[in-house]
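Me: Please take a close look at one part of this model, a pair of packed helices. Then set that part in its surroundings.

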Number of protein chains: 2
Amino acid sequence: MNTGFKATGIASGIKKNGAKDLGLIFSEVPANVAGVFTRNKVLAAPVLLDKERIKSGICQAVIANSGNANCCAGEQGMRDALSMCRYASEHLGISENLVIGASTGVIGQPMPIGKIEAAVPELVRELNAEGIGDFAEAIMTTDTFPKTLSVQGQLDGKTFSLIGVAKGSGMICPDMATMLCFVCSDIAATPEVLMECLSLGTDRSFNRITVDGDTSTNDMILLMANGLSGAEIRTWEHQQVFQRLLDKLLLDLAKMVIKDGEGATKQVEIAVRGALSDSDARKIADTIGNSNLVKTALFGEDANWGRILAAAGRAGVSLDPGRADMFFNDVQMVKDGVGCGDAAEARAAEVLKTSEFAITLDLNMGPGQASVLTCDFSVEYVRINADYRS
Amino acid sequence: MNTGFKATGIASGIKKNGAKDLGLIFSEVPANVAGVFTRNKVLAAPVLLDKERIKSGICQAVIANSGNANCCAGEQGMRDALSMCRYASEHLGISENLVIGASTGVIGQPMPIGKIEAAVPELVRELNAEGIGDFAEAIMTTDTFPKTLSVQGQLDGKTFSLIGVAKGSGMICPDMATMLCFVCSDIAATPEVLMECLSLGTDRSFNRITVDGDTSTNDMILLMANGLSGAEIRTWEHQQVFQRLLDKLLLDLAKMVIKDGEGATKQVEIAVRGALSDSDARKIADTIGNSNLVKTALFGEDANWGRILAAAGRAGVSLDPGRADMFFNDVQMVKDGVGCGDAAEARAAEVLKTSEFAITLDLNMGPGQASVLTCDFSVEYVRINADYRS
């Protein structure tokens, strides 16, 4: 299906191992656009640039590199971010302001901007309608597999598409590695509608795995809509149709990121219910989902529910441990704050051997609930992150 | 020197490997006492008991076990905590209310209280003036070495002693394993003075390594003073003499705990200065000191200052990365938010190869400063915690 979007990814020499490291997405016509960016106070140069550029509500291309985050690189970093976008605009024959830039990789190294300049002509030549997989490869850092998905929907009999691409695999702690996500659609929608949909969709997907909103210096999620399908969001009902598809796409991409958690072997949903409020439940779920002791126990396939309850106890919200129940999938491990004994332990041990399961903590205090997705914490995580720059 | 304190530690069979797991400290006469306890909302039974008991300001004995935390064990847990103290009081021939109990180990398992009951007669028989080292061994969990220290001071020509014992080795993340610390002195002081000194001393030592005050379900620091030296805190100057010694003892014990961080190979001071306030500086130091990405980079001996700055950026306080300077010991790595280049990297790499060094982040914004002690995050940490209950 021709959505009017082309993409590609090539090796420009930024990564020393010769892997793809430079990607481009291009829309045949200018697209409306919305974006959400990291809340970190330390911002990479392209993020600073994009936050300004996106205010126009329009973009036509995204150029992204891996291997260098272009962060903490001073004024030169901003010059490099501008140059990178300008090279793309010149060779694409579009206005410089229509290009969004993104970078991911090591912080604090000078950008090899000469390599990017030299590679852009080839990058533009290689653009093609099936190139999103190559783009996905070009933005990988510690990712072990490229992440792309597409879905179709219909509005008033007209079919539209959503094509999503993401990178990120360091989500197992709050200071995660960079997460980038780009969603291209041929639907027609105003930048305001896109922003509404993207905010809601992000809260329901990537914000469920990033634990308390702390993000890296480079994170961004971009939603572009070029209108070429003829399908247009004109009513609230239309918007809901689009929202449901976007939510699914983003959540599935987020799950791919969790699945690729650095060194992760298990994907675990931490569901908290019975808290005094949703906000309390979220704080507890985040604290559990982010606890090194819980995550190492998951890696060890150890039903160490005491660590889970102890993590809840330090989440900074009111709770009565004597009322807490806990379940590993449907196996009740804790009743009224006390362990359910060896038979329950044995059944929970079976659950822990699987690669996807849910841990539910019911505080039995109120209506509040929340859930986050997390993964286990392996020996491999430390190896990956100890050696990252070498 | 006879301080009037005796101690011991024996194997009661709680630990499956036959290691020491039950300890006792006894003062010939009732001692004044002060204590600080974990702020976790989930509290172990002995902590609940001790917080009440200590209100009297007097205690004469501490019985402590490892191998079981007696936490999340319901009403039976409280009965067991009471029993453990009662067994000790009966065999020591003192009032039950003068005994403080402490437990550390796995959460959520029933206490093998029968083993403790059977072992208490031997425990009391083994009490001796040189037994603090055995006590230190008896409270170890994942600790790799016992931790005791003693210092002497003088007041008005009279010599007094401080004897400290601590356990803890999981301090490399906020959901640390239990930290227990007991300080015995033969000085005379009121419970109020002891509490003042202990609060200040804790803030200057253990609270510098525990990152934001989050603690386990069982943490406590106890300060007992039995007055047998004849030295007495009667003036503010006296109190300052005692405070300085106590601070030194607690800080040195805290450093031993950091040194024994689970799987740790390096001890690193994170010093933040130039923040808008001390509180801001503390938040930043805590966030850096607790960052998995920073700690794995330390393990990899990688001068990855970008991760340090990125961690500062998500600490939730105002900062201007363009003004930040960073030093590894006296090697400047970052000036005005930008890396100082390859020569600085090479010199910093030498610093990183050592086992103790300081990282200083100067925000150049204001007078605020703070520092925390942290350690690196190794492959061994994950191994230790994945297998803890097995």
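**A helix pair and its setting**

Reply: In this predicted model, helix α1 (residues 45-53) and helix α2 (residues 74-92) of chain B have axes that come within 8 Å and cross at roughly 60°. Angles of 65 to 115 degrees would count as roughly perpendicular and those under 35 degrees as roughly parallel; α1(B) and α2(B) are therefore oblique to each other. The crossing of α1(B) past α2(B) is right-handed. On the α1(B) side the residues that meet the partner helix are B:A45, B:P46, B:L48 and B:L49. On the α2(B) side they are B:G77, B:M78, B:D80, B:A81 and B:L82.

Two loops of chain B can be described next. B:L228 sits in the loop between β8 (220-225) and α7 (236-259) of chain B. B:L228 counts as buried because it has 20 C-beta neighbours inside 10 Å, and 20 or more is the cut-off for that class. Apart from neighbours within four places in sequence, B:L228 is in contact with B:T3, B:G4, B:V29 and B:D186. B:V99 is 129 residues from B:L228 along the chain, and the C-alpha atoms of the two are separated by 19 Å.

The other loop, between β13 (356-362) and β14 (368-375) of chain B, holds B:N364. Most residues other than glycine have a negative phi. B:N364 is not a glycine, yet its phi is positive, about 55°. B:N364 has 15 C-beta neighbours inside 10 Å, so it counts as partly exposed.

In chain A, a positive phi is found at A:C72, where the value is near 60°. A:C72 lies in the loop between β3 (58-66) and α2 (74-92) of chain A. With 28 other C-beta atoms within 10 Å, A:C72 is buried.

Chain A as a whole has 12 helices and 14 strands. Its radius of gyration is 22 Å, close to the 21 Å given by the globule rule for 390 residues, so chain A is as compact as a globular protein of that length. The C-alpha trace of chain A spans about 70 × 55 × 35 Å along its principal axes. Of the 390 residues in chain A, 62% are buried. Among contacts in chain A with a separation of 6 or more, 79% are between residues 24 or more positions apart.

One sheet of chain A is open and has six strands, in the order β12-β11-β10-β13-β9-β14, with mixed pairing. Its edge strands, β12 (338-339) and β14 (368-375) of chain A, each pair on one side only. Helix α11 (residues 342-353) of chain A packs on this sheet and touches β10 (325-328), β11 (331-335) and β13 of chain A. The direction of α11 makes about 130° with that of β11(A). Within the sheet, strand β9 (residues 267-275) and strand β13 (residues 356-362) of chain A pair in the parallel sense over seven bridges. In this pairing A:V268 stands opposite A:F357 of β13(A).

The two chains also touch. Chain A gives 49 residues to the contact and chain B gives 49 residues. On the chain A side, the elements that give two or more residues are α9 (292-299), α10 (305-313), β12 and α12 (379-386). The largest share of that side, eight residues, comes from α10(A).

Technical notes
Residues are numbered from 1 along each chain as its sequence is written. Chains are lettered from A and ligands numbered from 1 in the order in which they are written. This is a predicted model: local features need pLDDT of at least 70, side-chain atom pairs count only at pLDDT 80 or more; totals for chains, interfaces and linings use all residues. Two strands pair if DSSP finds at least two bridges between them. Helices (H or I, at least four residues) and strands (E, at least two) are DSSP runs, numbered from the N terminus. Two residues are in contact if their C-beta atoms, placed from the backbone, lie within 7 Å. Axes are lines fitted to C-alpha atoms, for helices over the stretch in contact, and angles run from 0 to 180 degrees between N-to-C directions. The radius of gyration is taken over C-alpha atoms; the globule rule is 2.2 Å times the number of residues to the power 0.38. A residue is buried if 20 or more other C-beta atoms lie within 10 Å of its own, exposed if 12 or fewer, and partly exposed in between; C-beta atoms are placed from the backbone. Angles under 35 degrees count as roughly parallel, over 145 as roughly antiparallel, 65 to 115 as roughly perpendicular and the rest as oblique. A crossing is left-handed if the near helix is turned anticlockwise from the far one by less than a right angle, and right-handed if clockwise.
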